[in-house]
Amino acid sequence: MKSRLFASAALLGMLAAPAWAQQSIKIGFISTFSGPQASIGQDMRRSVELAVEHLGGKMAGKPVEVIFEDDQFKPEVGKQKSEKLVQQDKVSFVGGYIWSNVLLASLKTVTEDGDTILISSNAGPHQIAGELCHPNFFSTSWQNDQTPSAMGQYVQNKGVKRIYLASANYAAGKDMLSGFKRTFKGEIVGEDLTKWPDQLDFSAEMSKMRSVKPDGVFVFFPGAHGVQFLSQYAQTGLKATIPLYTAFVIDALSLPQLKDLALGVPGAQSWVNDLPNEQNKRYVADFRKKHGTYPSFYGAQSYDTIMLIASAVEGLKGDVSNKDKLRAELMKANFKSVRGDFKFNANHFPIQNFYIQETVKDSDGNFTLKTVGVAMKDAKDAYYEKCKMK
Amino acid sequence: MTLLIEQTLNGVQLGLLMFLLAAGLTLVFGIMDLVNLAHGSLYMFGAYFCATFTGWTDSFVLGALLALPASLLLGVFVEILVVRRLYRRDHLDHVLATFGLLLIANDLVRLVWGPDGRRIPLPAWLNQPIFLTPDLPYPTYRFAVILVGAAVALFLYWLVARTRTGMWIRAGASNRTMIGALGVNIEALFTLVFGIGAVLAGLAGLMAAPIVTVSIGMGDNILILAFVIIVIGGIGSIKGAFIAAMIVGMIDTLGRAMLPDLLKSFLSVAAANTAAPALSSMMIYLLMAGVLVWRPTGLFGARG
Amino acid sequence: MPAVTSLGLLRPIMTWRVAVAIVVLALLGLLPWYAPWLETAGIINQRFALTVMTRVLILAIAACSLNLILGYGGMVSFGHAVYIGLGGYTVGILAHHGLGSGFVQFPLAILLSALFALAIGALSLRTRGVYFIMITLAFAQLLYFVGVGLEPYGADDGLTINRRSDFAGLIPDRGPDKFVAFYVLSFAVLVLVLGLVHRLVNSRFGMVLRGARSNDLRMQALGFPTFRYRLAAFVIAGAICGLAGALLANHTEFISPAMMHWTRSGDLIVMVVLGGMGSVLGPVYGALAFLLLEEFLPGLLRLVLGWLHDGTAAVIGRGPAGALDDWLRLAEYWQIALGAILIAVVLHARGGIDSLLGRAGRG
């Protein structure tokens with residue numbers, strides 16, 4: 001039975017890889033395509049496909065083949081899929097990774113055992129920015145602490161004195177709070193870490209928030225959790241009385257659900273759909289034409305991942321066999337990012353701006369996000385000095 | 001003081017929400033002795049039905065009313081197709097088959113509704129707080145949850161203890177052949193009970209939906225919670241499930257409300273910040289383990 | 001194959017079932033030797049084949065340990081993955097502190113798992129049926145949340161293991177050989193565990209265990225302290241599963257609380273029931289079927305969908321280019337097929353895969 005399955009897998013391999021496969025540029029892409037987080041994966045895949053379309057399906061004249069794999073939101077599965085991409089499909093690049101724990105589990109498989117380039121399109125755990133940094137690892141997103149740091153800076157500048165923090169209780173959630181505290185210097189009057197990913201009800205936390213009467217509340221609740229928190233925040237009547245500041249709560253994926261609930265709630269992000277550069281205009285317009293919705297930052301970062309790869313492949317005229325040259329070429333970041341200027345720090349994380357965004361209605365009556373200010377300019381993450389890589 | 005009242009109210013409300021989740025499971029598991037892992041999936045379908053119907057009718061109440069018969073139909077369909085063949089099997093066969101149903105349900109929802117979640121908007125009169133005292137606003141919708149939860153508890157009590165159907169159900173659970181010999185159509189009876197279970201699951205899903213939002217896999221997380229509650233209460237006891245749900249709701253809420261401060265009084269702030277969320281996640285499992293060590297068949301259970 | 005004779009599988013006459021068992025074990029055991037051939041034939045990359053199959057072997061060991069208490073003792077532990085976690089964390093934490101010797105790590109992993117199983121078993125075995133299922137779950141959840149809170153060891157982000165356990169250099173830590181060597185090690189452990197389970201269940205101990213499953217009171221009346229027998233089985237199962245956890249940590253070179261999430265415990269139960277309870281090799285079939293379906297079902301479905309498309313295209317002509325992609329993408333909903341397979345096995349193959357091999361009912 002085993003060998004029969006293997007034989008079928010091989011037939012599949014032949015089906016998916018026609019004769020020209022030898023000369024194509026192969027890219028693996030790991031994301032979550034099943035379960036409650038599948039909408040993130042879908043947005044990322046759409047953006048990757050759009051990037052390939054914009055490249056005419058070719059990099060340096062060679063056809064591009066992207067192989068998507070589902071990590072099922074589980075570190076072990078993500079690791080095994082990474083192994084498959086590197087060993088079985090022999091891809092030259094692995095992109096994607098929404099979750100820090102999936103990325104951390106897969107890191108060694110791809111970068112060290114496989115000597116393959118890994119480009120994170122979202123996850124940015126502090127370990128990889130610091131002591132675990134690796135020459136084969138690049139990020140087109142951010143380090144986890146940075147976005148909340150930007151929000152902390154904004155709240156600080158606004159003169160808010162007393163703040164209440166709440167976050168989902170997992171490693172990235174704790175990174176978020178430490179990031180916020182790095183820039184916010186006022187008083188923290190309360191702090192809650194909630195069950196992840198299955199807290200049903202936030203009423204106990206909200207009652208505490210009301211009773212200590214802070215000047216503001218800062219929260220980090222990604223995906224469906226954010227919609228849940230914000231709905232309850234409104235139902236309790238808190239939204240009208242205590243200003244809410246967020247990281248990764250309001251994005252293009254949650255807005256169609258949140259709608260007017262998101263009005264008046266600022267968030268921070270390194271990319272917003274209205275950034276005024278040509279590449280971004282083209283990306284957002286074509287994405288909307290194709291799918292009828294705005295792309296999210298997950299998608300934008302994935303689009304950048306493909307464009308970064310394309311720039312390196314073009315720079316090397318399609319020959320990606322020499323890893324030293326490939327790394328050097330990637331390091332140049334010689335591509336047009338949807339974020340505008342883009343360059344890499346020594347630890348292969350971007351040096352970039354962070355913006356404050358707010359929710360508005362566009363001309364067609366859809367809810368979308370708008371840049372209202374720059375919270376941090378050319379920001380570097382707080383861990384790059386711990387990275388021993390030259 | 002206001003805070004304590006408010007947190008107690010939060011606890012009661014969460015307890016009743018949990019009772020809603022567990023009610024259908026108690027009925028099906030406690031009375032028909034069927035371990036139904038797909039209970040959470042029926043809960044999810046209830047929420048998705050409600051989201052769709054609310055979208056069509058622009059009214060949460062109408063959407064909810066339409067979602068209930070839809071849940072019933074789905075339950076009856078699943079019972080006839082699969083579940084019916086499982087009654088005479090042992091619990092492990094139930095587990096494997098209904099785990100299969102759970103896998104199908106999650107992907108089916110993704111196929112039909114897409115991967116994006118849904119938020120069910122509440123009508124304005126449900127979506128704002130009412131003021132219990134001038135400085136104690138409380139969400140109106142939470143009162144709706146309390147009302148529906150209490151109504152379901154009374155309905156179940158009445159159904160099982162006071163009606164002829166309830167008598168048949170109880171008789172059928174203890175002796176299938178005998179009740180069949182008495183001329184009761186046992187197949188139809190069990191289909192009906194499973195259908196009621198599905199309606200209760202759907203009701204829980206649609207009541208929870210405006211609070212927790214609708215998403216794929218939303219049922220998988222509450223499934224364990226529902227099992228915890230009926231096991232603490234004692235299998236087959238609706239009273240037990242009700243009391244267990246209240247205890248769990250209370251402990252969970254008060255734990256989240258007070259543990260951090262409590263721990264800070266004898267731990268360092270950093271240690272308390274780490275320990276409090278971990279401990280509050282463990283609370284209900286500590287409670288369950290404690291209850292079962294003390295009373296191996298739950299608080300009100302008679303059989304295992 | 002001396003391993004097979006020691007299992008006593010050749011004792012009965014050659015039946016279909018025994019033949020299949022021998023073929024499966026031989027196919028598994030010889031994989032490193034024919035894997036290069038599979039690669040040259042363009043079927044599957046040999047290293048990937050070894051990686052996938054190593055994981056199958058390790059989880060088969062865990063499933064075998066669960067089978068000892070579930071299949072033979074009727075104890076449905078819904079927290080069995082916790083011992084995978086305990087074994088894995090022992091290896092990971094010791095490695096993190098620079099203690100890399102496998103001769104220290106593995107015995108400690110087994111010992112720690114056994115101790116926890118002793119404590120959990122002593123408290124849980126007072127309950128029966130679903131209460132037992134749920135109390136074992138409760139203890140597993142408690143330890144899971146401890147893992148989530150273990151910040152020095154990465155909390156829920158987990159911990160990367162930089163060096164695999166060192167067995168005095170016998171198992172290479174670097175280079176392509178490490179995959180072959182580790183596969184052989186895992187297979188050897190599996191065969192040993194199968195032998196141990198076989199010996200146990202056919203001994204007096206196993207008879208008491210099975211007797212207690214069907215009628216505990218009668219066994220007690222016969223003078224057997226069944227609680228102690230059941231507890232001993234529970235501890236042995238925990239210890240074996242801890243060993244599987246130590247292997248898994250080495251295999252993934254990574255530990256995280258996800259190793260002991262309740263869904264993993266559920267997967268183990270599914271493997272045992274799917275393979276056939278109360279048969280020594282059942283869990284191996286179950287692990288093979290479940291994990292390989294998980295890995296290759298999406299690809300298989302794509303293949304089937306492709307054939308269907310080509311078939312219809314031959315009749316009605318090809319649609320637009322994008323339509324094929326959308327059609328093939330239906331393979332992403334492979335869990336529907338997996339669910340249907342599980343239901344079909346329950347409804348039509350009572351006693352799991354093992355019973356399909358010509359065995360009536362459960363032993």
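**A234 of chain A**

I started at A234(A), which sits in helix α9 of chain A. The model I am reading is a predicted one. Is A234(A) buried or exposed? I counted 20 other C-beta atoms within 10 Å of A234(A), so the residue is buried; the cut-off for buried is 20 or more.

Next I looked for partners beyond the close sequence neighbours. Leaving aside residues within four places in sequence, A234(A) is in contact with K239(A) and L261(A). L261(A) is 27 residues away along the chain, yet the two C-alpha atoms are separated by 7.3 Å.

**From α9 to the strands beside it**

I then followed helix α9(A) in both directions. The chain runs from β9(A) through α9 (residues 224-235) to β10(A), and I noted this β-α-β crossover as right-handed. Strand β9 (residues 216-220) pairs with β10(A) in the parallel sense, over four bridges. As a landmark for that pairing I wrote down F220(A), whose bridge partner in β10(A) is A247(A).

A247(A) turned up again on the other pairing. β10(A) also pairs in the parallel sense with strand β11 (residues 267-269) of chain A, over two bridges. There, A247(A) stands opposite A268(A) in β11(A).

Which way do the residues of β10(A) point? L244(A) and T246(A) point one way from the strand, and Y245(A) and A247(A) point the other way. A reminder to myself: side chains in a regular strand alternate between the two faces of the sheet. All of these β10(A) residues are buried.

**The six-stranded sheet of chain A**

I moved on to an open sheet of six strands in chain A, with the order β2-β3-β1-β4-β5-β6 and mixed pairing. Which strands are at its edges? They are β2 (58-59) and β6 (137-139), and each pairs on one side only.

Inside the sheet I checked β1 (residues 25-31) against β3 (residues 62-70) of chain A: the two pair in the parallel sense over seven bridges.

Helix α4(A) lies across β4 (93-96), β5 (117-120) and β6 of chain A, and runs at about 155° to β5(A).

**Two alanines with positive phi**

A60(A) has phi near 50°, a positive value in a residue other than glycine. I found A60(A) in the loop between β2 and β3 of chain A. With 16 other C-beta atoms within 10 Å, A60(A) is partly exposed.

A168(C) also has a positive phi, near 50°, and is a residue other than glycine. A168(C) is in the loop between β1 (159-160) and α8 (177-201) of chain C. Is A168(C) buried or exposed? I counted 8 C-beta neighbours inside 10 Å, so A168(C) counts as exposed.

**Chain C as a whole**

For 363 residues a compact globule would have a radius of gyration near 21 Å, and the 22 Å of chain C agrees with that. Buried residues make up 53% of the chain. Of the contacts in chain C with a separation of 6 or more, 76% join residues 24 or more positions apart.

Terms used. Residues are numbered from 1 along each chain as its sequence is written. Chains are lettered from A and ligands numbered from 1 in the order in which they are written. This is a predicted model: local features need pLDDT of at least 70, side-chain atom pairs count only at pLDDT 80 or more; totals for chains, interfaces and linings use all residues. The radius of gyration is taken over C-alpha atoms; the globule rule is 2.2 Å times the number of residues to the power 0.38. A residue is buried if 20 or more other C-beta atoms lie within 10 Å of its own, exposed if 12 or fewer, and partly exposed in between; C-beta atoms are placed from the backbone. Two residues are in contact if their C-beta atoms, placed from the backbone, lie within 7 Å. Two strands pair if DSSP finds at least two bridges between them. A crossover is right-handed if, with the strands pointing away from the viewer, the path from the first strand over the helix to the second runs clockwise. Axes are lines fitted to C-alpha atoms, for helices over the stretch in contact, and angles run from 0 to 180 degrees between N-to-C directions.
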